[in-house]
Amino acid sequence: PPLGCAPRAVSALAHAFSRAALDVPGLSEARARQLREAGALREPADAFRWMTDGGALPNATGIDGNGTAVHAATIADLPGWGEKSLANVVAALRRTAEDGVPLHRFVYSLGIRHVGAHTSR
């Protein structure tokens, strides 16, 4: 189902990128919240698009920790990010895309109700 509720969406994104699921270091819940507010991350697939678009933001604005709009052309321009941070996350995403993940971890990353790490095996 669509995740219209912001806190639920952020939690689902953080779950998808967690160590037990897709294992993408650098995409914590706080960063998922920031990226969702900036319009760069609505669903997990959005993150994999950064590998080709260089982390461009769709609306060229971001939100800082105080809820203030900040002009940012890419994710690297957002507060708390930088070229190195973005490069590390993109490298982790590329590694996940190229190497893949075991089916049970992918199923777990989907966040299906009542399907935990054990059940997904």
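**Close-up views of a predicted model**

At 69% relative accessibility, His114 counts as exposed (over 50% relative accessible area, where under 20% is buried and anything in between is partly exposed, with a 1.4 Å probe and protein chains only). The structure is a predicted model, in which local features need pLDDT of at least 70, side-chain atom pairs count only at pLDDT 80 or more, and totals for chains, interfaces and linings use all residues. Residues are numbered from 1 along each chain as its sequence is written, and side-chain values use heavy atoms, with hydrogens and water left out.

**View 1. His114 and Asp23 have positive phi values.** Most residues other than glycine have a negative phi. His114, in the segment after helix 5 (103–109), has a phi near 70°; helices here are DSSP runs of H or I with at least four residues, numbered from the N terminus. For Asp23, phi is near 55°, and this residue sits in the loop between helix 1 (6–16) and helix 2 (29–37). Asp23 is partly exposed, because its relative accessibility is 33%.

**View 2. The largest nonpolar core holds 22 residues.** Such a core is a set of buried Ala, Val, Leu, Ile, Met, Phe, Trp, Tyr and Cys residues joined through side-chain atoms within 4.5 Å. Among the 22 residues, Phe17, Leu35 and Trp50 touch the most other members. At least two residues of this core come from each of helix 1, helix 2, helix 3 (44–53) and helix 4, with helix 4 giving the largest share, five residues.

**View 3. Two salt bridges are counted in the model.** The criterion is a side-chain nitrogen of Lys or Arg within 4 Å of a carboxyl oxygen of Asp or Glu. In helix 2, Glu29 and Arg33 lie four residues apart, about one turn of the helix, and their side chains meet at 3.7 Å, N to O. Glu29 is partly exposed at 40% relative accessible area, as is Arg33 at 37%. The side chains of Arg49 and Asp46 pair at 2.3 Å, N to O; because these residues are three apart in helix 3, about one helical turn separates them. Arg49 is partly exposed at 42%, whereas Asp46 is buried at 13%.
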